[in-house]
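Sequence and model come first, then the notes.

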Amino acid sequence: MTATLAANSVPRLARGVRLRHDEARGQWVLLAPERVLNPDPVAVEILKKVDGARSIGLIVDELAAAFTVERQTIATDVDAFLAGLAEKGLIEVTSPLVGDAAS
Amino acid sequence: MSLIDEPRHQLEVPARPAPPIPYGMLAELTHRCPLQCPYCSNPVELDRRNVELDTETWLRVFSEAAKLGVLQVHLSGGEPTARRDLEQMIRHCVEVGLYTNLITAGVGVTTERLQSISDAGIDHVQLSFQGATADMTDKVSNFRGAHERKLAVAHEVRRLGLPLTINSVVHRANIHQIPDFIELALSLGAKRIEIAHSQYYGWALRNRGALMPTRDQVFWALDVVEEARTRLKGILTIDAVVPDYYAKYPKPCMNGWGRQSLNVTPSGKVLPCHAAETIPNLDFWNVRDHSLSDVWVNSPAFNAFRGTDWMPPLCKSCDRKEIDWGGCRCQAMAIAGDAAATDPACHLSPLHADLLALAEADADGSEVYDYRRYFQPDRAG
C-alpha cells in the first residue's frame with residue numbers, strides 16, 4: 001500500500017473535533033458533531049500526538065520508540081488511520097511551510 | 001495507565017440495576033423564538049421568560065451533566081441566542097469538558113454575536129432552514145426575510161471555521177425540496193445535513209393535517225436521500241429522521257427511554273424526551289430540587305419506561321425489543337391512549353391500520369397552518 005499522506009505534513013484535529021478521556025466510562029472518546037467515537041487503544045496513542053505541531057513522521061518515530069513494533073508497520077497503520085480520519089473531515093492535514101516560501 | 005477501575009458505591013446495594021450513562025443532554029435554554037413554525041415540537045404551554053432557570057442554575061446543571069457522564073450538550077430552545085448569558089454557558093461547558101452544539105434558527109443573530117459565541121468555544125453549529133428557497137422558508141416560519149438572514153449566518157459560521165450542520169424539517173409543503181436542501185447544504189459548506197420529517201407532538205399535533213406528507217411523497221423522499229447518500233459519501237453526511245406513519249417498524253425513540261439522553265426544559269424540568277410531557281401523570285423532577293444525577297437515576301418519570309420490564313407482552317416477546325425499544329411512548333399515548341402500549345407505528349400493533357388510515361386522511365387535509373406565536377400564545381376564544 002502506498003502512503004497517501006506526506007510524512008512531513010502536520011495533522012491536527014478539525015475545529016469541532018475533540019479527544020478527551022471520559023471519566024464516567026473509563027475510556028477515551030473522540031467527539032465530533034453529533035457523534036461520539038470510541039477509538040481503540042492504538043488509535044488513542046496516535047490521536048494523542050495529533051496536536052497541530054508534530055509531523056506524521058515525528059508521530060511515527062515517537063510511536064516506534066515507545067512500542068516494540070517495526071517502524072514500517074507503524075508508519076503503515078498511522079497513514080491508513082489518519083487518511084481515514086482526513087476523509088471523514090475529522091482531521092486537517094497541513095503541508096509544512098517550506099523554507100523561504102513561508103514568509 | 002490503570003486497567004482496573006475502582007468500583008464506586010461498592011457498599012450500596014442498588015434497588016434496581018444501575019441505569020446506563022447518558023451521552024447527550026438537550027438544554028432548552030428558552031422557549032422564546034422569533035419564528036412561528038407550525039411543526040414546533042415544543043409543548044402547547046410554553047415556559048414564559050420569568051420562569052426560566054437563571055445562569056447560576058444552568059451552570060450547575062452543566063457541571064452535574066459532565067459529572068454524570070454526559071459528553072455532548074445541545075444548546076437549544078426556542079432560540080438559544082435569546083439568552084444573553086449563552087456565551088457564559090458555553091465557556092463553562094468547555095471548562096467542564098462538555099462538547100457544545102448550538103441549535104439555532106439563525107434569525108436575529110448578528111455577526112458580532114457569532115464571533116463572541118465562537119470565541120466562547122462553541123464546537124458545532126446546527127442551523128435550521130424551513131425551506132430551500134426564500135419563499136418557502138419565509139412562508140413556513142411566517143417570518144419575512146428569514147431565509148436571507150439564515151444564509152448570512154451560515155456564511156459567517158463557515159468564515160469562523162466552525163463545522164456547520166443544516167437542519168431541514170420536511171413535511172407535505174416542502175418535502176419536494178429535499179434535493180434543493182441538499183444542494184443548499186453543499187453550497188453553504190456544511191458537512192452534514194439533517195432531513196427530519198415533521199413529528200407530531202406538542203404544537204405540531206394541531207397542524208398534522210396541514211403537514212402530513214402523502215405515502216408517495218415519503219417513499220420518493222427515501223429514494224432521493226439514499227441516492228444522495230451514495231453520491232455524496234465523504235462530502236456530506238446525510239442523517240434522515242424517517243417518518244414512521246408509513247413504516248413497518250417503529251422508530252427506536254431516543255434509542256430507549258432514559259438510556260442515552262435527557263432533556264432540561266427552560267424552567268428546569270428534566271424529561272426523557274422533549275415530548276414526554278404529553279404523557280399524563282408522569283412525575284418529572286426539576287433541577288431546582290434535585291441534582292441531575294438524582295433525576296436520572298431515581299425520578300419516577302425516567303424509570304417509568306426504562307429498559308424492557310414495562311413492555312406489553314407483544315413487545316416483550318419480540319426479538320426486536322432491544323432494537324426498537326418499543327418505539328415511541330408519546331406516540332403510543334397520542335394514538336393508543338396508553339403510553340405503555342406498543343407503538344402503533346409497529347406493523348404488529350393492533351392499531352397499525354388505524355394509524356395508516358389516519359395518516360392518509362391527514363395527507364388529504366387542509367393546507368392552512370396554525371402558526372406558533374411565542375408572544376401571542378393560543379388562548380381558546
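B:F305 is buried, with a relative accessible area of 9%. B:W257 is also buried, with a relative accessible area of 9%. Buried means under 20% relative accessible area, exposed over 50%, and partly exposed in between (1.4 Å probe, protein chains only). This is a predicted model: local features need pLDDT of at least 70, side-chain atom pairs count only at pLDDT 80 or more, and totals for chains, interfaces and linings use all residues. Residues are numbered from 1 along each chain as its sequence is written, chains are lettered from A and ligands numbered from 1 in the order in which they are written, and side-chain values use heavy atoms, with hydrogens and water left out.

**Aromatic pairs**

- The structure holds six aromatic pairs over all chains. Rings of Phe, Tyr and Trp (its six-membered ring) pair if their centres lie within 6.5 Å; planes under 30 degrees apart count as stacked, over 60 as edge-to-face and the rest as tilted.
- B:Y200 and B:Y245 pair edge-to-face, at 5.6 Å centre to centre and 75 degrees between the planes.
- That pair links distant parts of the chain, 45 residues apart: B:Y200 is in the loop between β6 and α7 (208-211) of chain B, B:Y245 in the loop between β7 and β8 (261-264) of chain B.
- Both B:Y200 and B:Y245 are buried.
- B:W257 and B:F305 also form an edge-to-face pair, with 5.1 Å centre to centre and 90 degrees between the planes.
- Ring pairs link B:W257, B:F305 and B:W310 into a cluster.

**Sheet**

- Chain B has an open sheet of nine strands with mixed pairing, in the order β7-β6-β5-β4-β3-β2-β1-β8-β9.
- Its edge strands are β7 (237-241) and β9 (270-271) of chain B, each pairing on one side only.
- Five bridges join β6 (residues 192-197) of chain B to β7(B), and the two run parallel. B:I193 stands opposite B:I238 in β7(B).
- Two strands pair if DSSP finds at least two bridges between them. Helices (H or I, at least four residues) and strands (E, at least two) are DSSP runs, numbered from the N terminus.

**Surface**

- B:F219 lies in helix α8 (residues 215-231) of chain B and is partly exposed, with a relative accessible area of 37%.

**Annotation**

- The UniProt annotation "domain: Radical SAM core" (unreviewed entry) covers residues 19-236 of chain B. Such annotations may be inferred rather than shown by experiment.
- Over residues 19-236 of chain B, the chain is 40% helix and 16% strand, with the end C-alpha atoms 35 Å apart.
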